[in-house]
Amino acid sequence: MNSVDVHSSRSQTGDGNCRQYSQSMERSRRIANTLKGVFPFVQADHLGAKAGIGLRILWGALLLLVVAAVIGVSAVGILNLRGNNRQVVQITFHDVQGAIISQSAVVNEEEDLVTYHIMDRNHTTVVLFDSKNGFVCYQPGGSNICLVRKMLAVDQENIHTVITAQEQKFNQLLLLRNETQFSRKYLGILSRNKVDPLTLGQHIDSLCNQIPVYWLQESNRPGRQRLIYFCIDICFPNNVCVSVCFYYLPD
């Protein structure tokens, strides 16, 4: 009688193990089918045998996706923060002929940079005041050259008024004609030797990418035999407007 009970107990235990094994294999097949849908490049006949490894791979991939999402959100936040350091100051004034002129100055206080965009005859001239490197760069609209000179103390004073206006949230400025001081400056273009823009800092290098760069030399009014290349008017919040005229110096 005891022998029969022992054999019966062993039989029940074996049946239970078989059911557990069958259930385990069924779960493995389900996991294999899931991994097959997520990772189609894995061979189907290996999925059942490597279901545990595939599951760990799946969790690892999900973890990587979460980390990538966090890094992406952080990068966007940093870019937005940097973007907030660039503000636009709009300056409107009357030129010497009485015409209404509007200019925009983009202030990047973090880089000590003020960039003017000046519209004239359907072209936009860019004037970059780079205080950190000590240069002023002109990129005439409609032409493929850059013109560079060293920044003077008066330039520092003028662009400081732009930065101050931006800090005080004076983003729209109207200069009254009877309170504005007009002057003219002549700059000769030294066309004999080109300048390597890499030596002038990253901002000028970016503006003048793959186009010739020439030095400028300030001088008195050129003789009649010298043809004026072009002139632009630049105005600052301190009611100072400068008409800058360019011409080619003799080789």
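Modeller: Begin with burial: a residue is buried under 20% relative accessible area, exposed over 50%, and partly exposed in between. The model is predicted, and the values below are computed from it.

Biologist: Is Tyr 229 buried, partly exposed or exposed?

Modeller: Tyr 229 has a relative accessibility of 33%, so it counts as partly exposed. Phe 230, at 17%, is buried.

Biologist: How are the rings of Tyr 229 and Phe 230 placed against each other?

Modeller: A pair of aromatic rings is described by the distance of the centres and the angle of the planes. For Tyr 229 and Phe 230 the centres are 5.1 Å apart and the planes stand at 85 degrees, so this pair is edge-to-face. Both residues belong to one aromatic cluster together with Tyr 138, Phe 246 and Tyr 248.

Biologist: How many aromatic pairs are there?

Modeller: The count is 8 aromatic pairs. One of them joins Phe 135 and Trp 215, with 6.0 Å from centre to centre and 50 degrees between the planes, which makes it tilted. Phe 135 lies in strand S5 (residues 135-139) and Trp 215 in strand S9 (residues 213-219), 80 residues apart, and the pair thus links distant parts of the chain. Phe 135 is buried, since its relative accessible area is 12%, whereas Trp 215, at 30%, is partly exposed.

Biologist: Which residues touch the most other members of the largest nonpolar core?

Modeller: In that core of 35 residues they are Tyr 116, Tyr 138 and Phe 246. Apart from this core lies another one of 11 residues, including Val 148, Val 195, Leu 200 and Cys 208. Beyond its neighbours within four places in sequence, Tyr 138 is in contact with residues including Val 126, Ile 145, Leu 187, Leu 216, Ile 234 and Phe 246.

Biologist: Next, the sheet. In what order do the strands lie?

Modeller: The sheet is open, has 11 strands with mixed pairing, and runs S7-S1-S2-S3-S4-S5-S6-S9-S8-S11-S10. Strands S7 (172-174) and S10 (228-236) stand at the edges; each has a single partner strand, so one side of each has no neighbour in the sheet. On average, neighbouring strands are turned by 25 degrees against each other, direction ignored.

Biologist: How does S1 pair with S7 and with S2?

Modeller: Strand S1 (residues 86-94) pairs with S7 in the parallel sense over 3 bridges, and Leu 174 in S7 is the bridge partner of Thr 92. With strand S2 (residues 100-108), S1 pairs in the antiparallel sense over 9 bridges, and Gln 90 has Ser 104 in S2 as its bridge partner. In a regular strand the side chains alternate between the two faces of the sheet.

Biologist: Which turn residues have a positive phi in the hairpins of S2?

Modeller: In the S1-S2 hairpin, with 5 residues between the strands, Gly 98 has a positive phi of about 95 degrees. In the S2-S3 hairpin, with 4 residues between the strands, Asp 112 has a positive phi of about 55 degrees. S2 and strand S3 (residues 113-120) run antiparallel, joined by 5 bridges, and Val 106 stands opposite Thr 115 in S3.

Biologist: Finally, where is His 203 found, and is it buried or exposed?

Modeller: His 203 is in helix H5 (residues 202-207), and its relative accessibility of 18% means that it counts as buried. Leaving aside neighbours within four places in sequence, the contacts of His 203 are Glu 111, Leu 113, Leu 128 and Asp 130. Glu 111 and His 203 are 92 residues apart in sequence, and their C-alpha atoms are 9.5 Å apart in space.

Definitions and conventions:
Residues are numbered from 1 along each chain as its sequence is written. This is a predicted model: local features need pLDDT of at least 70, side-chain atom pairs count only at pLDDT 80 or more; totals for chains, interfaces and linings use all residues. Side-chain values use heavy atoms; hydrogens and water are left out. A nonpolar core is a set of buried Ala, Val, Leu, Ile, Met, Phe, Trp, Tyr and Cys residues joined through side-chain atoms within 4.5 Å. Buried means under 20% relative accessible area, exposed over 50%, partly exposed in between (1.4 Å probe, protein chains only). Contact means heavy atoms within 4.5 Å. Helices (H or I, at least four residues) and strands (E, at least two) are DSSP runs, numbered from the N terminus. Two strands pair if DSSP finds at least two bridges between them. Axes are lines fitted to C-alpha atoms, for helices over the stretch in contact, and angles run from 0 to 180 degrees between N-to-C directions. Rings of Phe, Tyr and Trp (its six-membered ring) pair if their centres lie within 6.5 Å; planes under 30 degrees apart count as stacked, over 60 as edge-to-face and the rest as tilted.
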